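Here are some notes for a colleague who is opening this structure for the first time. Please read them with the sequence and the model side by side.

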Amino acid sequence: MKEGDTELLAEIAKFEESHDMEKEYRIGWGWRQVRVWPATLSRLFKDGYLENVFRSNSFTGYRLSELGRAVVAGGKEDSEARTHQNQKLSLPDDLFGDIIGHDEVKELLRASLMAEKPVHVLLAGPPALAKTLFLWDIERTCGQERAIWLVGSATSKAGLWDLVAERQPRVLLIDELDKMNAADTAALLSMMEGGRLVRAKKGRELNLSHLIWVVAATNRLDVLSPELRSRFAIRRLNPYGRDEYLTVVKGVLVRHENVSVEMAEEVAKRLDGRSQDVRDAIRAARLAPQLGVEKAIKLLLGG
Ligand SMILES: Nc1ncnc2c1ncn2[C@@H]1O[C@H](COP(=O)(O)OP(=O)(O)OP(=O)(O)O)[C@@H](O)[C@H]1O
Ligand SMILES: [Mg+2]
């Protein structure tokens, strides 16, 4: 936002309040009416503060957008917070530093988040493949101001629509997408296309004045509707192969579980061929100080 924009928007809001928009300006007002240069209006529109309701060769009709009105209502501080999400993300090199392997997924997510316009990514696959970890890393980097974290099975009562309208996030992170309720899924479908959201209950509408990037995770793809699947770049994560499993287990135990390299290797070796679940290794490492690695694995896996 440039200096003076908040004042400009406030002037425009005054103009809108003093006229009957539905009767007098059904196709919006033009630059002559509000006495603001077309180039400035076009910039405010691009930044999401105005809606373009009509366009012909000789006339461009605008109206304040939801965001524009929010800026006027909330004053400068608020406006700065909201324009925040329109700025480009800058991602640190170690964005996914705690995740071992998955190089292509890292590359895809990074490129998608940095793209000019949204590319939504869905990580799909069996348990314990670091899907949630990917979402966490993105949340940590974007901060709570710009990313909203949701778990499909526990979507808040307020619903996705209100949450997005209120917080205006840049990134929406949805874990357990397959468990999201129907109302939120409908809102999501519209949001992902940068579309208009219609709130069923009060019949109110919200035009999304900014773009949202969605990154989601799911165990199951078969329960998702075709239209939802189509909106995502779906990246399937396959269970770890034997070598990969050993590398991941060693890395996770040493880095996150404070286990010595020797013990991590022992756990990895003893689980080799018996489990593909990293969580088994974590459980074994946690029981090992009491039981020893061999006994811990025997009790955990049986046999
Ligand atoms: N490649 C990996 N790098 C680092 N940690 C990993 C990796 N794979 C699995 N883990 C570890 O495995 C555990 C499970 O990871 P996470 O919760 O991200 O899995 P998930 O794919 O979301 O599983 P679920 O489908 O059950 O929710 C975590 O403790 C995580 O640290
Ligand atoms: Mg998970």
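1. In this predicted model, helix α13 passes helix α14 in a right-handed crossing. The axes of α13, which covers residues 278-291, and of α14, which covers residues 293-301, come within 8 Å and cross at roughly 130°. Angles over 145 degrees would count as roughly antiparallel, and α13 and α14 are therefore described as oblique to each other.

2. As for the residues that form this contact, α13 contributes Asp280, Arg283, Ala284, Leu287, Ala288 and Leu291, while α14 contributes Val293, Lys295, Ala296, Ile297, Leu299, Leu300 and Leu301. Sorted by class, the residues of the contact of α13 with α14 comprise ten nonpolar and three charged ones, with no polar residue among them.

3. Helix α13 also packs against helix α11, which spans residues 242-256, and here the axes are 10 Å apart and the angle is about 40°. Because angles under 35 degrees count as roughly parallel, α11 and α13 are likewise classed as oblique to each other. The crossing in which α11 passes α13 is right-handed.

4. Which residues of α11 and α13 meet? From α11 they are Tyr245, Val248, Val249, Val252 and Leu253, and from α13 they are Val278, Asp280, Ala281, Ile282 and Ala285. The contact of α11 with α13 holds nine nonpolar residues and one charged residue, and no polar one.

5. Gly159, Leu160, Trp161 and Val164 in α8 meet Asp184, Leu188 and Met191 in α9, and by class the contact of α8 with α9 has five nonpolar residues, one polar residue and one charged residue.

6. Turning to the ligand, there are 18 residues around ligand 1, of which Ile100, Lys131, Thr132, Asn219 and Tyr240 come nearest. For Asn219, a polar side-chain atom lies 2.7 Å from an oxygen atom of ligand 1.

7. In the side chain of Arg279, an N or O atom is 3.0 Å from an oxygen atom of ligand 1. For Ala130, a backbone N or O atom lies 3.2 Å from an oxygen atom of the ligand.

Conventions:
Residues numbered from 1 in each chain as written. Chains lettered and ligands numbered in written order. Predicted model: local features only at pLDDT ≥ 70, side-chain atom pairs only at ≥ 80, totals over all residues. Heavy atoms only, no water. Axes fitted to C-alpha atoms, helices over the stretch in contact; angles between N-to-C directions. Helix = DSSP H or I, 4+ residues; strand = E, 2+ residues; numbered from the N terminus. Parallel < 35°, antiparallel > 145°, perpendicular 65-115°, else oblique. Left-handed = near helix turned anticlockwise from the far one by under 90°. Contact = heavy atoms within 4.5 Å. Nonpolar A, V, L, I, M, F, W, Y, C, P; charged D, E, K, R; others polar. Near = heavy atom within 4 Å. Polar contact = N/O pair within 3.5 Å; in protein donor to acceptor, adjacent residues only side chain to side chain.
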